[in-house]
Amino acid sequence: MHWYQWALVAGAVFALWASWGTPRAKWWIAAGAGCFVVSSMWHDARFPHGEVFGAVLNAGIVILLYCKATRRWEMRLWNCFQLMILLDALYYFGMIPTHFMFAVSLEAANWLALIVISGAGLAEKARKNGMYPGRNFGSLLDPIFRALHAKRSHPPFWYQ
Amino acid sequence: MMTEPEALMSMILKTAGAFGGAVSSILFFPPKNRSEFWRRMGVSVVFGIIFASTARDWWGWAKDAEGIVAGACFAAVVAWWGLGAIQRISGSWKPK
């Protein structure tokens, strides 16, 4: 494994710690990690069309998130995985010219997803530890908490 | 002029591409409700089939099976997105 893969593992472990107790967070981390490991194995085995395989795996997570997400932070995570599919498609169609640029942009999208999960987890941890409105950083924290933990604006379309 | 089996094959490829485009559009632009889903699905599949060759020629893709599927897929995605945009614009407009 390369150093950037180890860094991503460390980031995932931190996100797991930060979001422990946040509903569904660990399942999304597990899904993202599984997708990353399987697509890396595909790439290392030098199978063809790695970006298409990665896009299919990410599409599975996008569908799962759309079906199961109930909070806004999960919808932002949904946007992160949409971005990953878009990057796969752009690389496939040659709009991202080099593999290096593709790898860097995909890595950035992975980090963005981990930041969203960690942010949601830390906001909930802070609130559980008594930082609610009018106390400590409560007044600062409350809008962030509401932005991340409010209910998603639209339920899946088949419920409407 | 295409022979009958060629025309049938072309139709199957266009339909498959249009369905692929419509289904992959849901990942990025999900509809708000079931009736919108059926409306957008129907329109994008029909548009995908009709404009598959136009889209393929416009992008300069090869005139093989892959090119037909890609053209139908692209036309369906554009139709799905376009119908959503029209609905948003018409929904935000209110008569005075």
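Predicted model: local features only at pLDDT ≥ 70, side-chain atom pairs only at ≥ 80, totals over all residues.
## Ground rules

Local features here need pLDDT of at least 70 and side-chain atom pairs count only at pLDDT 80 or more, while totals for chains, interfaces and linings use all residues. Residues are numbered from 1 along each chain as its sequence is written, chains are lettered from A in the order in which they are written, and side-chain values use heavy atoms, with hydrogens and water left out.

## The largest pocket

A pocket here is an open set of points on a 1 Å grid over the protein atoms alone, where a 1.4 Å probe fits, with protein on both sides within 12 Å along at least five of seven lines; lining residues have an atom within 4 Å of a point. The largest one has a volume (the space filled by probe spheres set on the points) of about 1,200 Å³.

Its lining takes in 31 residues, with A:Ala89, A:Tyr92, A:Phe93, B:Ser24 and B:Cys73 nearest the centre. H4(B) gives the most, with eight.

## The second largest pocket

Next up is a pocket of about 1,100 Å³, lined by 38 residues. A:Gln5, A:Phe36, A:Ser40, A:Glu107 and A:Asn110 sit nearest its centre. The elements giving two or more lining residues are H1, H2, H3, H4 and H5 of chain A, and H2(A) gives the most, with twelve.

Terms used
Helix = DSSP H or I, 4+ residues; strand = E, 2+ residues; numbered from the N terminus.
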